[in-house]
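Dear colleague,

I am passing on the structure below, followed by an account of what was found in it. Please read the notes alongside the coordinates.

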Amino acid sequence: MGLESVKVMIADDSMFARKKLINFISSLGVAEVLEAADGEEAVEKYKASKPNVVFMDIVMPKKTGIEAVKEIIEFDPAAKVIMASSVGTQNHLRDAIMAGASDFIQKPISNDQIQKILENTAKEMK
Amino acid sequence: MFAQFFGSFLLHKGLVTAADLTQAFEEKKNTRMRLGVLAINAGLMTSEQVEHVNVTQQSVDKRFGDLCVELGYLTDSDVERLLSEQPTDYLLLGQTLVNSGVMSNADFESAIIEYKNENSLSNDDISGNQSDKLSKLISGFYHFDTAANARIYTEYTTLLFKDIIRFIGDDFTPLGSSIIHELEAPHIVKQAVTGAYNSITCVAADTAEYMAFAERFAKEEFTEVDDFVDATVGEFMNVNNGLFTVNESNEHGIELQLDPQEIHTDDKIVFENPAFLIPVSFSFGEVNFVISNG
């Protein structure tokens, strides 16, 4: 499948980070880009829309990204959640993977990284 | 980054003005290094010898390098080596200031010798961005050695300047720091770093400078300070502080967390511990950075 079939969710409390990611991902012609400003909203929107891939920040209000990933994986063990955080310490990395995250990328995130992840997601959907 | 601190040195010595530096940082992208400045920097020629070759060149149709060799100032291999070296940023800055007439070759010669001596820097040290020399330069410039947690202040500030160059631009001059106990500004973004130790970090500026800083980071134009502009400056701080926590974890085994950023508009922040105010003069104006550790 191509990128036009991929549904993406961006969960980040930073309006700046969300806007930059949404603008770039939308320009690639994906099916839909959902956004969530905190961990709680991310879990709710995941359950309602089941996006193919989620980019999830860690430090967020209401529910952290790690807590949100745990709930999303409980709901859908096949969920693909990429942690995208400025705090890529070994502890955070371990917590994220143990919570069920598929990968971890350190901010600032390059457009190339995002595009590769989305293309891989599309391939996996075949 | 040596260029910015060399610029600050020249400003402090009264050899250039802030406006001269702003213009030079803009123009240095198009500056081509000349052999004279390269030879002075390498300690192979004095400014008088360079001037002598310049004057001689006016009456003889020969290249500068050939004349240097003829007059016995340089060997062929000196010329070849100097011209083949990648020009460093501080040399480009110096060359730009010489080209525009702000400094003479003699001014450059005395300044670069004094700058290197004051900071115990060799040509090799500043030909790359050697981290240990850079940290030493920054620690000395800001007198961090007087602080209890000198390593943390030095490494945080070194990373901050690397990130400023990476995300905002290299057209800035670091100004001398001061110790503060409170910070009042039209716009302040504050982020606490917690864990093995606690730090408070801030970015503060007046409205025009705050917007200009955000514009550089977002690569967008803004007409007023709104939530998005605050989020943009906040994200710069978050990325910088995030990279700092990663370095602390990887290099020192120190685990830290970041609190969400706080936006303060027309407000005053009082610090529990003394804080270092680090003012930076950009071509668009001054932005202050603060770190308080304890």
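In what follows, contact means heavy atoms within 4.5 Å. In that sense B:Ile165, leaving out residues up to four places away in sequence, touches B:Met1, B:Gln4, B:Asp170 and B:Phe172.

Some conventions come before the rest. This is a predicted model, in which local features need pLDDT of at least 70 and side-chain atom pairs count only at pLDDT 80 or more, while totals for chains, interfaces and linings use all residues. Residues are numbered from 1 along each chain as its sequence is written, chains are lettered from A and ligands numbered from 1 in the order in which they are written, and side-chain values use heavy atoms, with hydrogens and water left out.

Chain A has five helices and five strands, where helices (H or I, at least four residues) and strands (E, at least two) are DSSP runs numbered from the N terminus, and along the sequence they follow the pattern β-α-β-α-β-α-β-α-β-α. Its radius of gyration (taken over C-alpha atoms) is 13 Å, close to the 14 Å that the globule rule (2.2 Å times the number of residues to the power 0.38) gives for 126 residues, so chain A is as compact as a globular protein of that length. The C-alpha atoms of chain A fill a box of roughly 35 × 30 × 25 Å along the principal axes. Of the 126 residues, 50% count as buried, with buried meaning under 20% relative accessible area, exposed over 50% and partly exposed in between (1.4 Å probe, protein chains only). Among contacts in chain A with a separation of 6 or more, 65% are between residues 24 or more positions apart.

Chain B comes to 13 helices and six strands, and its C-alpha atoms fill a box of roughly 65 × 45 × 30 Å along the principal axes. Of its 294 residues, 53% count as buried, and residues 24 or more positions apart account for 68% of the contacts in chain B with a separation of 6 or more.

To return to B:Ile165, this residue lies in helix H11 (residues 150-167) and is partly exposed, because its relative accessible area is 31%. The C-alpha atoms of B:Ile165 and B:Glu220, which are 55 residues apart along the chain, are separated by 18 Å. B:Asn117, in helix H8 (residues 105-118), counts as exposed at 58% relative accessibility, and its C-alpha atom is separated by 38 Å from that of B:Leu256, 139 residues apart along the chain.

Finally, the interface: 17 residues of chain A are in contact with 24 residues of chain B. The area buried between the two chains is about 1,700 Å², of which carbon and sulfur atoms give 62%; buried area here is the accessible area (1.4 Å probe) that two parts lose on being put together, summed over both. On the chain A side, A:Met15, A:Phe16 and A:Pro108 lose the most area to chain B, together 31% of what that side buries.

With best regards
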